[in-house]
Amino acid sequence: MPVRLSDFPRIRYGMPGNAACPGCPEAMGLRYVKMALGDNAVLVIPAGCSSVIQGYEPKSGINFPIMNIVFASAASLASGMKAAFESQGKDVNVVVWAGDGGTGDIGFQALSGAAERNDDIIYICVDNEAYMNTGIQRSSLTPAGAWTTTTWTGKKEYKKNLPMIMIAHDIPYVATASVGYPQDFIDKLRNASAIRGFKYIHLLAPCPVGWKFDPRYTAKIGQLAVQTGLWPLFEYMNGKLKISPFSRLYRRPEKKVPIMEYIKLQGRFASLAKDPEKIKVLEKEIERQWEWIEILEKATNNKK
Amino acid sequence: MVMKTLTGNFAVAEAVRLARAKVIAAYPITPQTTIVERLSEMIEKGELEAKMVRVESEHSALAATLGAAAAGSRAFTATASHGLLYMHEVLWWTASSRLPVVMAVAARAIGAPWNIHVDHNDIMDQRDTGWIIGIAQENQEVLDMTIQAFRISEDPYIYLPVMIALDGFILTHTVAPVEVPDQKEIDEWLPPRRQAYIVSPETNVVMGNLTSDDDYYMMRYSIQVAQEVAKKIIEEVDLSYGKSFGRSYGGLVECYKCDDADYVMLLMGSWAGDAKEALNVLREKGINVGLARIRFIRPWPSEVLKEKLKNKKGIIVFDRSISFGNVGQLFMETASTLYGMTNMRGVIAGLGGVDVKPEDFVGEVTAFVDDIERGEVYDTIKWLLPPKYRNHKLEVTL
């Protein structure tokens, strides 16, 4: 069911004094999580920007119960929490909120373990495509061509396709989302919370500092990622993959917004923007990605 | 109460069942594995009402246990050797989060090369983490200590995790008669779960976010205060358990024939049994020796040791571990308490499960006493090499 932002209560979920940078996508995303799940949720946060965004005790900049934990263990800590709540007969949404490093790199083993066990948690990868908290170093989820402080001439390797890796875990729910489309993200969180088992949502989170763009464009870049076809929004539920409404609009190549619209706003792609050959390769990659998703959509929806 | 023949590992499992742990998370590692195998069996047979999280690593095992504790449930895990080392950062996080958790450690050597036999370097490596660390001598004590660990950990003056070590194979895989208390008796003795805070939607607690350096410092200070208080509470718990079940072990240290002794052997773990045998032989030979068996490495029993040992003619410390580049850790700890008060010698023995026999203790103590009779002794490190290498010397001349 599509949701409208105006339907939500005007409660302050991000509190004054939180330590997010201007235009921070994580602060935006956390608000949407609370809007979607309400008060019946506990957050588990490993090392990353969101460890800092909470601000200093004795107060917290985020209106959530939170258990902070070391980098590599977010999913497993969440599994333990959920087991405890279950043994107490309580139905609580245990939600991991982890960055791309905490999810795809240092935290991947725990993630894969919890997914394989199908533990009843929601795992959100808030993907700002580099190790932003330590100062913009490349991660396995940094896209090819992007400048980081450890890839000065642009990353050579492609972005690891985590959502597909999670689908391969055969879990009941996998979705992609973008902070540019809060309705879609909230909708997906609600779908996820209604399902028993391991739920994975991969939230694209454009970071003004690390991607080098004006903080006012966070939502816009989050939308352009979808409109250019670079970041397809989809939902994989009950074994069926469905391309989400906002991505469906840009499904056909001629409907897609040119990739340069996305690239040119971001300083991290400055060298890529000057290289038409590389842009062509990137366009091909996008097409290849879409072919793959459409094959999956077809295959999973045709089966009985 | 029923009498059972149990391995040390099964004694741990019985204790965890009696303590009614609600969440158990563990990853197999020799020689710990049969603890969680037995607990899984208990859960699946309905003997224990608990959730088992079958994690993919030890790092996750302790994290899941911590998560369960944070959510308000009595939680348990077990590991050994490399598993314990892999958990290391989570050990710190657990103690610093002040959440009660109990863990059994089957003390085992660390690689390389691979070695699955007893050694204390794995537990000694965790002394600084804030955990309370106990170590048993035999299987009955393993069961009793594990049950007590829950009460100690959940004491409102403490709220720290507790690690109970049992020597790999020597205890973990060897059967001995063990008195297992009835569930009803334990329910009366062990209070329901208590903890400082729960992270849940009802409490809205945030744990572990940034603090000012001043507050961080004070939280560190509070862990030390809890460790100090734990010294007294561990003794009280030991006495209270003795009152209910007839077995007390002396609190932080078991002082065996210490009071009238001139010399004291200081060590911990299962080989204390062999050392006690040696002690009787030595006494027959006229050497008036006693034995101090460390039951808790953390909190370190400095007051008890000072009181009991400062006027002895000599203390010989047997370490089953070493801090490379310095001395055995137990010697280091003992010297930090007794330095300058008496003659001391540290002996490194039994690393990687090398067998140390009662006659080895007799020989070492006799040599120590002979040396003292010739003059003052302060030997920080002496190697009791394996028998086939006994005349070997590793020396480098530059």
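Which residues in α10(B) meet which residues in α13(B)? D274(B), A275(B), E277(B), A278(B), V281(B) and L282(B) of α10(B) meet P358(B), F361(B), V362(B) and V365(B) of α13(B), where two residues are in contact if their C-beta atoms, placed from the backbone, lie within 7 Å. By class, this contact of α10(B) with α13(B) has eight nonpolar, no polar and two charged residues. Ala, Val, Leu, Ile, Met, Phe, Trp, Tyr, Cys and Pro count as nonpolar, Asp, Glu, Lys and Arg as charged, and the others, Gly among them, as polar.

This is a predicted model, in which local features need pLDDT of at least 70 and side-chain atom pairs count only at pLDDT 80 or more, while totals for chains, interfaces and linings use all residues. Residues are numbered from 1 along each chain as its sequence is written, and chains are lettered from A and ligands numbered from 1 in the order in which they are written. Helices (H or I, at least four residues) and strands (E, at least two) are DSSP runs, numbered from the N terminus.

**Helix pairs**

The table lists the packing of helix pairs. Axes are lines fitted to C-alpha atoms, for helices over the stretch in contact, and angles run from 0 to 180 degrees between N-to-C directions.

| Helix | Partner | Axes | Angle |
|---|---|---|---|
| α1(A), residues 25-37 | α7(A), residues 182-193 | 9 Å apart | about 45° |
| α11(B), residues 302-309 | α12(B), residues 329-338 | within 9 Å | roughly 65° |
| α10(B), residues 272-284 | α13(B), residues 358-374 | within 8 Å | roughly 55° |

The angle of about 45° makes α1(A) oblique to α7(A). Angles under 35 degrees count as roughly parallel, over 145 as roughly antiparallel, 65 to 115 as roughly perpendicular and the rest as oblique. The crossing of α1(A) and α7(A) is right-handed; a crossing is left-handed if the near helix is turned anticlockwise from the far one by less than a right angle, and right-handed if clockwise. From α1(A), Y32(A), V33(A), M35(A), A36(A) and L37(A) meet P182(A), F185(A), I186(A), L189(A), R190(A) and S193(A) of α7(A). Nine nonpolar, one polar and one charged residues make up this contact.

In chain B, α11(B) and α12(B) cross at roughly 65°, which makes α11(B) roughly perpendicular to α12(B). Their crossing is right-handed. S302(B), L305(B), K306(B) and L309(B) of α11(B) make the contact with T334(B), T337(B) and L338(B) of α12(B). By class, the residues of this contact are three nonpolar, three polar and one charged.

For α10(B) and α13(B), the crossing at roughly 55° makes α10(B) oblique to α13(B). The crossing of α10(B) and α13(B) is right-handed.

**Sheet in chain B**

Seven strands of chain B form an open sheet with mixed pairing, in the order β3-β2-β4-β5-β7-β6-β13. Two strands pair if DSSP finds at least two bridges between them. β3 (51-53) and β13 (296-298) of chain B stand at the edges with a single partner strand each, so one side of each has no neighbour in the sheet. On average, neighbouring strands of this sheet are turned by 20° against each other, direction ignored.

Within the sheet, β5(B) (residues 102-107) and β7(B) (residues 162-167) run parallel and are joined by six bridges. V102(B) has V162(B) in β7(B) as its bridge partner. Helix α7(B) (residues 139-153) packs on the sheet and touches β5, β6 (132-135) and β7 of chain B; the direction of α7(B) makes about 170° with that of β7(B).

**Domains of chain B**

Chain B is divided into domain 1 (2-245) and domain 2 (253-389), with bounds from an automatic or database domain assignment. The centres of the two domains, taken over C-alpha atoms, are separated by 28 Å. Domain 1 gives 25 residues to the contact and domain 2 gives 18 residues. On the side of domain 1 that touches domain 2, the elements that give two or more residues are α6 (121-124), β6 and α9 (213-245) of chain B. α9(B) gives the most, with five residues. That side of domain 1 has 12 nonpolar, seven polar and six charged residues.

**Contact between the chains**

Between the chains, 36 residues of chain A are in contact with 39 residues of chain B. On the side of chain A, α3(A) gives the most, with 11 residues. The residues of that side divide into 18 nonpolar, 14 polar and four charged. β2(A) and β9(B) (residues 206-207) pair in the parallel sense over two bridges, and I66(A) stands opposite V206(B) in β9(B).
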